[in-house]
Amino acid sequence: MRRGWKILIAIVAVLAVLLAANTIALDNETGSAEVTVEGGEILELAGGDVQVSEEGPVDGGSGNPPIVLLHCYACSLHWWDRMLPVLSEDHRVIRLDLLGHGGSEKPQSGYSMEEQGALVAEALNQLDVEGAVVVGHSLGATVATALAEQSSELVDRIVDIGQAPDDSFGDVSLIARLGYVPVLGQLLNRITPNFMVKDAYEQAFAPGYELDSGFEDSDQVVDDFKTMTYTSFDEAGNAERDYSDEVPLDQRLATAAIPLLVIFGEEDQIYESEEAVAAFQEHVPGVRTALVERAGHSPNVERPEQTARLILEFAQEPGDEAEVPQPPRHTRGGKREKERRR
């Protein structure tokens, strides 16, 4: 009996050592930038190397503004693939992999929304882009907000796809939350099989949506997840929440006073779409809003042509009809009450 206890203790000790070693290894893992899309280019920037891809006429065709596309958390520029034929017909379209994602660099740090926004600004300056319609999906909309706050000359209009003012409007699944638990998160990052990765991404779409139909590569979401280091996965997610916890996005965008279009899928499984849209309508003067039928958190993937048309209509509105909002005299502060959380 005593021998059995010794063996059990030895096994537990070995497992503890292996878990500790895995945690240390993943916490120190980094990744260099690489081209992952045809025609892609790596920009060597002060904040980190990023992958960009350009389509459409360089002059925008008849002076149309450039369109900049910023993807969601744990995603990549491939989440815009199905929208490109429509958007790039008469506009210069720039897709960019955010730091820690896709083909961009995965360093140890630099994932705050302010740093991500500054990096996008650096990329756009290098590409001679200004006065752009910046379209952000989920995390990308948060980065677009930070970009507008820091470099308003680069942003003519903002399109927010599926990003609520803050996390009080919804929540992610339990399995997604477990990914941030110390030690356990690193272990899950190492051992999660591909089918479970796909299952975790289903919350980003409408119930019953066939995930493989949204991408040219049926394993795109798996590739996007596996490409991230644990540091980029952990830091980017926490940084996004910290930013909107400090000041909600609707308040930030009202203060930025930049024309705004908010697009949500009616069947969003992460956020309460109607409540999120109502909050933007209440707090951002002149905001345009749209709810896309039969779409969840990712209408850019689920309903690409309809979503692209909404963006083009907004981009092509005459300046005097864009109803540029005025910053509010008084701003509310603090986090919304947590009873709104699911």
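I began at strand β7, where Leu 260 is the bridge partner of Ile 158. Strands β6 (residues 155-161) and β7 (residues 260-265) run parallel and are joined by 4 bridges. The model is predicted, so I note its limits: local features need pLDDT of at least 70, side-chain atom pairs count only at pLDDT 80 or more, and totals for chains, interfaces and linings use all residues. Residues are numbered from 1 along each chain as its sequence is written, and side-chain values use heavy atoms, with hydrogens and water left out.

For terms, I take two strands as paired if DSSP finds at least two bridges between them. Helices (H or I, at least four residues) and strands (E, at least two) are DSSP runs numbered from the N terminus.

**Sheet**

I next looked up the strand order. An open sheet of 8 strands runs β1-β2-β4-β3-β5-β6-β7-β8, with mixed pairing. Its edge strands are β1 and β8 (288-292), each of which pairs on one side only. From one strand to the next the twist averages 25 degrees (axes are lines fitted to C-alpha atoms, and angles run from 0 to 180 degrees between N-to-C directions).

At the β1 end, I found β1 (residues 41-43) and β2 (residues 50-55) paired in the antiparallel sense over 3 bridges. Gln 51 in β2 is the bridge partner of Ile 42. Their hairpin has 6 residues between the strands, and Gly 48 there takes a positive phi near 140 degrees. I then followed β2 to β4 (residues 93-96), an antiparallel pairing over 4 bridges, in which Glu 55 stands opposite Val 93.

**Helix α3**

I checked the length of α3 (residues 113-126). Just after α3, Asp 128 takes a positive phi of about 60 degrees.

**Cores**

I looked up the nonpolar cores, sets of buried Ala, Val, Leu, Ile, Met, Phe, Trp, Tyr and Cys residues joined through side-chain atoms within 4.5 Å. The largest has 69 residues, of which Leu 70 and Trp 79 touch the most other members. Apart from it lies another core of 21 residues, including Val 135 and Ile 161. Beyond its neighbours within four places in sequence, Trp 79 has contacts (heavy atoms within 4.5 Å) that include Cys 72, His 137, Tyr 201 and Asp 224.

Notes:
Buried < 20%, exposed > 50% of the residue type's maximum accessible area, 1.4 Å probe, protein only.
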